[in-house]
Amino acid sequence: MKLKMRFLFTLATMMIVICPASAQTATDRTGDAKDQSIYGTITEKTPSIPQYFSWINNTNEGSTEAQTLSNLEFFKWLHDEYGMRLGIYAWDAGNIDSANYYGNMQSDKFKCQFPNGWEGIAELAKSFSCRLGLWGGPDGFGDTPEQEQARIDLLVSFCRDYGLQLFKFDAVCTQLRDEKQDSFAKAMTACRQYAPDLVVLNHRLNLGHAKPHATTFLWGGAETYIDVHMRNRSTAPHNRAGALSRGLPPGLQRLTEDHGVCISSCLDFWEDDLVLQGFNRSLILAPEIYGNPWLLRDDEFAKLSRIFNLHYRNRDILVNGIALPEKYGMHAVSRGDSSTRFITLRNLTWEPVTYDVTLNEEIGLTDTGSVEVRRYHPSESILGSFDNGETVQVEVPPFRSYLVMATTKPCQEIGVVGCDYEVVRDTEGKPVLLKLLGLPGSSTTVSLKAGGQTFGKAFVDGQESDAFLADNATIQFPGQPVAVPWHQLLAELKRVDVPADAQQLYEATCFSAENNALEVQSLHRSGPTAIPQVQKARDAFFDQELFWRRGIWDKYMFDGNPETFFSHLHYGRDTRLDGGTLRVDMGEVATVDRLSLDALLPSNDPNQPPMQLTAELSKDLTTWTTVTLTQTKKDNGKAQIAMIGKNGGSCELVDADVFTWEVTLSDAPSFRYVRISNAPERVAEFDASLNGERLDASEWTATNLFAPFSAANPVAAWQAEVEIEDNAAEGSYLCVALDGKHGANKAFAALRVDGEWVGASQRAPSFPCVAWEYPARSQDGSDTHYFPVTDQMRGKTVEVVVLGLSGGKTAITPHTWITTYQSPLESVSIRLEK
């Protein structure tokens, strides 16, 4: 049976329209709405509504009942465990409407996706005080009065029967016909009879005289999928510097939408992004996230909830914002009332920056009296009490955001004096959990600020402690002192001749990096989960047929399933660099007497695959042996593959033939690395065996997009030696930053360590990948390559090398830094019981 699927109508094939009239509407709607029956109750002063929307958890094909329930159970777990409040769970495209398609709840498509309708879904959302939202097109009103009324009745039923609070109307479906502007206005007016607080998002639409019925416009027309739609424009120690550099909506308008924070790709420093979205811009939807938040590490869900909770508890005053003077840095904002202000700062340079925060009307603090100042991000700290008008110096780490609160009122948040800390859990009915943070090997005396709560017992690392409640507890942090500073410039690289081992250096990165979908890379970054709700949501995403049919994970080459495959195609486009090379790293040197490769080719494809493939084998990236694999077509070897049209057009499953290439190695050589320059488009299986036994491939990895070395052909090089301290902080990594122009994918970095070659595992913007939604971005300058500091590097001299490749540019100034994601602080756990 053929499976019809629709894919992303990309920004590359559509015109982005920012409607000035929409912006004016947002400006006008301050205070009370003019007529709530028409315009609803949402105004510029309405407190923010926290939202998740499902784009890139599903694409234009839509979600399913099972997937939606799994996702909602994840958010319910966050609510029950951490008290996190999600106001709206919004389905994105494909659940009713899709690209160039208007649907209904009677269609076969809808009944296949949601066989039990939406009643159970709405009830589950309601169980943790969440409501639903829905993506759709602005039209669908047909050509007759009956068709128009049917569309209006459908939209009204969503609000009346399922408590829906949000419509996201998007030009990806279609534009609104001029003659249907009155129909759109009529529909929204009818919906607001049942949902007066309805939020209507305008994504690149020309609504004409119906524009006032939309609540927001899309600020800047930007999507925030990291390294797909949003990337760094300069070197940085992480991939989200571009997102952190976003400015402010005109006049700090809140009735706009910034597309939220994507938590799906390039996850490091997601919290800095979310702090700015929630507390700096603080739009009508905030905090707002989308994608796959269940890909975070288990220890990060507490921070996610903390940001949501802190925003929710202060939502009433965060509607009032002022832009701060230039001395506070770029796009600094203070939000709050006369007695409490939340100030967001940022630093997008390689060195720490100190700002002077003046505790008076300059930041909007007009009440008199003593001012308590607390930092809530990057970690939490009670900075002290100060006189009104006094100046407090705060240091913002490189490429991070910073959230500080100043208040003349007693603070109701729990906190600790004497060290940095994190509030892990402060949920009603559960013991409070804290993490105290300090330098390894250090000690400090701390006191608890209970925020109005009363506790009867305290436990420090599981041991009951009366001293902690008596405010005289001495905390000893574990570990040995680390090298200080842990963030520093190590070297400027100098131009040198292309080294004799250029091939080994280049290949080291080609074998170390990933070409997998960015979500797969996020899963590898975060590791396994011990939380059932998280695992179920991950499984719902990765196991969906729409994911594995795309061939975007190297593990499909080693899974024994002939229908899965690893591909270099994306929407019908060949994404390889200079013809590409299939590279397989078996993880360790192994003895092999047979190699085989299975590939899938559409049965109706007139282009026949080559009869022979040339493979190169190596133990050490230095000496390569060439062997020839010969093709045989498998008898009755059949599968089905999804033929995806260019530009994300519709596609269907087609029959495919299975072809095999194999070689018997008579001398049973030993090797670790395999590269095949002319590999087929869809590699279904790659096997190595010895004496008829298939080798365990569970730890094997592959890339398929990087150019063969003969095409890369390095023409320039830069080099420096750096010393890695023996006590370098855990989690340290090297950043090799290439300031200037080098050409897209035309500069690669690698290391020499004890005579071995170490490749870059990650890059910003990311290395090319076979992407889930839209191709990952590359740029012609300012890439940054990343290398985790391993035990092998500690106490060693490491040689850092940058290779400029053929066809690129050489106007770069490389420099190498060592840094960490979080400050290398040890933690002590605190449990507080009533």
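Guide: E25 and E38 pair in the antiparallel sense over three bridges, where pairing takes at least two DSSP bridges between two strands. Val496 has Ala717 in E38 as its bridge partner. The names come from DSSP runs numbered from the N terminus, with helices being H or I of at least four residues and strands being E of at least two. Before we go on, a word on the source: this is a predicted model, where local features need pLDDT of at least 70 and side-chain atom pairs count only at pLDDT 80 or more, while totals for chains, interfaces and linings use all residues. Residues are numbered from 1 along each chain as its sequence is written, and side-chain values use heavy atoms, with hydrogens and water left out.

Now step back to the whole sheet. Five strands make it up, in the order E25-E38-E44-E40-E41, and it is open, with antiparallel pairing. Strand E25 (494-496) and E41 sit at the edges with a single partner strand each, so one side of each has no neighbour in the sheet. On average, neighbouring strands here are turned by 35° against each other, direction ignored. For that angle and the next one, axes are lines fitted to C-alpha atoms, for helices over the stretch in contact, and angles run from 0 to 180 degrees between N-to-C directions.

Helix H12 packs on this sheet, touching strand E40 (747-753), E41 and strand E44 (797-804), and its direction makes about 105° with that of E40. Contact here means heavy atoms within 4.5 Å.

Asn713 has a positive phi of about 40° although it is not a glycine, and its place is the loop between helix H16 (709-712) and strand E38 (716-723). At 40% relative accessibility Asn713 counts as partly exposed; the cut-offs are under 20% relative accessible area for buried and over 50% for exposed, with partly exposed in between (1.4 Å probe, protein chains only).

H12 and E41 also take us to the second largest pocket. Helix H12 (502-512), strand E29 (582-591), strand E34 (670-676), strand E37 (701-703), strand E41 (756-759) and strand E43 (784-788) each supply at least two residues of its lining. The lining has 36 residues, and Phe511, Ser512, Asp585, Arg672 and Thr701 lie nearest the centre of the pocket. By type, the lining splits into 15 nonpolar, eleven polar and ten charged residues, counting Ala, Val, Leu, Ile, Met, Phe, Trp, Tyr, Cys and Pro as nonpolar, Asp, Glu, Lys and Arg as charged, and the others, Gly among them, as polar. The volume of this pocket is about 860 Å³. A pocket, on a 1 Å grid over the protein atoms alone, is an open set of points where a 1.4 Å probe fits, with protein on both sides within 12 Å along at least five of seven lines, and lining residues have an atom within 4 Å of a point. Grid points are joined across faces, edges and corners, and the volume is the space filled by probe spheres set on them.

Pro765 lies in the loop between strand E42 (762-764) and E43.
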